[in-house]
Amino acid sequence: MSQVTQAPLAPPPVALAPTQPVSLNINGQAHTLQIAPWTTLLDALREYLDLTGTKKGCDHGQCGACTVLVDGKRINSCLSLAVMHEDSHIQTIEGLGTEDKLSPLQQAFIDHDAFQCGYCTPGQICSAQGLINEGKAKTEAEVRELMSGNICRCGAYSNILSAVMEVLNNEGLIIEDKAWSAGATKPDMAPVEPPKK
């Protein structure tokens, strides 16, 4: 009887890469994390820095709940590796305002009741701040289009739009767009006013 020796079916598994130090500037503070090179910015924020305002929604870049600002521009932090942002300034919802002094967008979201469950709100506010920083949104239609990557499953879109438009108007950044107003169900309907205090 002969002995048959079978060759290995596959090469031996490759050992996982060790962690490495990654230096990040988040909300004006320097942080050095010891993380694996494949750690997303979202996981670095939530799991290593306990900045849980940034939410994990779809983890596929389709809902916008994880939106943060990197050098003033909006990104989906679930699709970006933390190591890619070592020379960047990262701003999360926690860095936009304080409990004592909310940012204009945070205050407008409250004034316009622009949230229900609140899960998407940090991403919505960061996205709105990004579009203001980018200077691309001048009309309601442009705000709708540029915020379309941020999903609100509760359907607070008209109130979110009203809040963003208030801030754009207060900062003198809008072009009059009376063709369609926030909260209107018909083009000739007046805009929905925020609740009185």
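This is a predicted model: local features need pLDDT of at least 70, side-chain atom pairs count only at pLDDT 80 or more; totals for chains, interfaces and linings use all residues.
Where is serine 103 found?

**View 1. Serine 103 sits in a loop.** Serine 103 is found between strand E5 and helix H2. Its relative accessibility is 6%. The cut-off for buried is under 20%, so serine 103 counts as buried. Setting aside neighbours within four places in sequence, serine 103 is in contact with Leu96 and Gly97.

**View 2. The largest nonpolar core holds 25 residues.** Leu105, Phe109, Val143, Ile160, Val164 and Leu168 touch the most other members. Helices H2 (104-111), H3 (121-134) and H5 (157-170) each supply at least two residues of this core. H5 gives the largest share, seven residues. In soluble globular proteins, nonpolar side chains tend to be buried together.

**View 3. Valine 143 and its contacts.** Neighbours within four places in sequence are left aside here. Valine 143 is then in contact with Leu131, Ala137, Leu161, Val164, Met165 and Leu168. Another core lies apart from the largest one. That other core has 14 residues, including Val22, Ile26, Ala44 and Val68.

**View 4. Helix H1 and what covers its buried residues.** H1 spans residues 41-48. Its buried residues are Leu41, Leu42, Ala44 and Leu45. Among the elements covering them are strands E1 (20-26), E2 (29-35), E3 (67-70), E4 (73-76) and E5 (89-91). Ala44 also belongs to the core of 14 residues.

**View 5. Aspartate 50 follows H1.** The phi of aspartate 50 is positive. Its value is near 60°.

How values were computed: Residues are numbered from 1 along each chain as its sequence is written. Side-chain values use heavy atoms; hydrogens and water are left out. A nonpolar core is a set of buried Ala, Val, Leu, Ile, Met, Phe, Trp, Tyr and Cys residues joined through side-chain atoms within 4.5 Å. Buried means under 20% relative accessible area, exposed over 50%, partly exposed in between (1.4 Å probe, protein chains only). Helices (H or I, at least four residues) and strands (E, at least two) are DSSP runs, numbered from the N terminus. Contact means heavy atoms within 4.5 Å.
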